[in-house]
Amino acid sequence: MLRFGFCIVEMRCNYCEVIVYGLLKLNGKLHYIERLQQIERWLKCLIEDYSIDEVVCEEIQFQHNVQTFRKLAILQYVIEMICYQHSIRFPKPLQVHVWRTKGVRQILRLTNGNKQTLFQFLNSYLGSPPYFDTNQADALGMAIYWCNKHDENLPLGMKNAIQLQIKGEGIC
């Protein structure tokens, strides 16, 4: 729970547009409860600033470390709770093998659906933005999949998106 890619998409009747994407970086020296509080403040700010009406996230993957799985489950609960409190839709989290391998790989016609291939494609497509990483690529990949899932004929624009790097301290 130290680095989170995120993406905000505006869905219109005839196209989808990525407005903002980026990375939230948290201080690993803080207790994980403090980091959860930072994530809560950050998400509430995004909700206010961008009038978010739906939050899509990735399903928790099996972890060999029980403590890591526990922290991810709590994180998912916090996100879902914030959505509930703000009347924001929180659909069933996306399975990584579905959105990446069966979704984005086919949509973008990639040779495979792995993390690095998606990163390389999007990094090139976006003109190698500074500090772009696999976390941001995954967030954009999930947005591509989600928009296509709702209407495969809607084009998705990403070229004018603003990239943000947010550090946990001083959120909002």
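Predicted model: local features only at pLDDT ≥ 70, side-chain atom pairs only at ≥ 80, totals over all residues.

The crossing of helix 3 past helix 4 is left-handed.

Next I wanted the residues behind that contact. From helix 3 I noted Trp99, Arg100, Val104 and Leu108, and from helix 4 Lys115, Leu118 and Phe121. Sorted by type, the contact has five nonpolar residues and two charged ones, with no polar residue in the set.

While I was on helix 4, I checked Thr117, which sits in it. Is Thr117 buried or exposed? Its relative accessibility is 15%, and the cut-off for buried is under 20%, so I put it down as buried. Skipping neighbours within four places in sequence, I found Thr117 in contact with Leu110, Thr111 and Asn112.

Then the cores. The largest nonpolar core has 24 residues, and the ones touching the most other members are Leu24, Ile39, Trp42, Ile52, Val55 and Ile79. Which elements give two or more residues to this core? I wrote down strand 1 (3–11), strand 2 (16–25), helix 1 (32–50) and helix 2 (66–85). Helix 1 supplies the largest share of this core, with seven residues.

Leaving out neighbours within four places in sequence, Ile39 contacts Phe4, Leu24, Leu26 and Leu75. Apart from that core I found another one, of 20 residues, including Phe119, Leu140, Trp146 and Met158.

Last stop, helix 5, residues 134–150. I get 17 residues and a reach of 24 Å from the first C-alpha to the last, close to the 24 Å expected at 1.5 Å a residue. How many of the residues of helix 5 are buried? I count 12 of 17, so I'm calling the helix mostly covered. My list of the buried ones runs Gln136, Ala137, Asp138, Ala139, Leu140, Gly141, Met142, Ala143, Ile144, Tyr145, Trp146 and Cys147.

What do those buried residues of helix 5 pack against? I noted strand 1, strand 2, helix 3 and helix 4, plus strand 3 (156–157) and strand 4 (162–167).

Key:
Residues numbered from 1 in each chain as written. Heavy atoms only, no water. Left-handed = near helix turned anticlockwise from the far one by under 90°. Helix = DSSP H or I, 4+ residues; strand = E, 2+ residues; numbered from the N terminus. Contact = heavy atoms within 4.5 Å. Nonpolar A, V, L, I, M, F, W, Y, C, P; charged D, E, K, R; others polar. Core = buried A, V, L, I, M, F, W, Y, C linked by side-chain atoms within 4.5 Å. Buried < 20%, exposed > 50% of the residue type's maximum accessible area, 1.4 Å probe, protein only. Expected span 1.5 Å × (residues − 1).
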